[in-house]
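Here is a short briefing for a first look.

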Amino acid sequence: MAKKKAITKKELDAIERAAKREAQKAAGALDGRFRQKVVPNKKRKAEGKKKVNPDAE
């Protein structure tokens with residue numbers, strides 16, 4: 001008899017994500033009516049405000 005392969009944490013997370021996505025599809029969340037939340041990338045430095053020269057106008 002062959003040994004059963006244990007489910008790893010990575011595979012379990014993937015299964016949970018797939019189930020959550022299917023639930024969202026059924027609810028209509030992925031049909032373009034809702035805006036997705038944008039999470040800023042913490043690895044890149046945020047762009048600073050550009051200085052405007054008031055004498056240039």
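K25 sits in helix α1; helices are DSSP runs (H or I, at least four residues) and strands likewise (E, at least two), numbered from the N terminus. The model is predicted: local features need pLDDT of at least 70, side-chain atom pairs count only at pLDDT 80 or more, and totals for chains, interfaces and linings use all residues. Residues are numbered from 1 along each chain as its sequence is written, and side-chain values use heavy atoms, with hydrogens and water left out.

- K25 is partly exposed, at 45% relative accessibility; buried means under 20% relative accessible area, exposed over 50%, and partly exposed in between (1.4 Å probe, protein chains only).
- Helix α1 has 19 residues and reaches 27 Å from its first C-alpha to its last. That is close to the expected 27 Å, a span defined as 1.5 Å times one less than the number of residues.
- Just after α1, G28 has a positive phi of about 90°.

**Salt bridges**
- The count is two salt bridges, each defined by a side-chain nitrogen of Lys or Arg within 4 Å of a carboxyl oxygen of Asp or Glu.
- E22 pairs with K25 in a salt bridge, and their closest N and O atoms are 4.0 Å apart.
- Both E22 and K25 lie in helix α1, three residues apart, about one turn of the helix.
- An α-helix has 3.6 residues a turn, so residues three or four places apart point the same way.
- K5 and E11 also form a salt bridge, at 3.7 Å from N to O.
- K5 is exposed, with a relative accessible area of 69%, while E11 is partly exposed at 32%.

**Nonpolar patch**
- I7, L12 and I15 make a nonpolar surface patch of about 300 Å².
- Patches take residues with over 30% relative accessible area and no salt bridge, joining like charges within 9 Å and nonpolar side chains (Val, Leu, Ile, Met, Phe, Trp, Tyr) within 5 Å.
- Accessible areas come from the Shrake-Rupley method with a 1.4 Å probe; for residues, only the protein chains shown count as cover.
- I7 lies in the segment before α1 (9–27) and is exposed, at 59% relative accessible area.

**The whole chain**
- Of its 57 residues, 2% count as buried.
- The protein chain exposes about 6,800 Å², and carbon and sulfur atoms supply 55% of that area.
- Its C-alpha atoms fill a box of roughly 85 × 30 × 10 Å along the principal axes.
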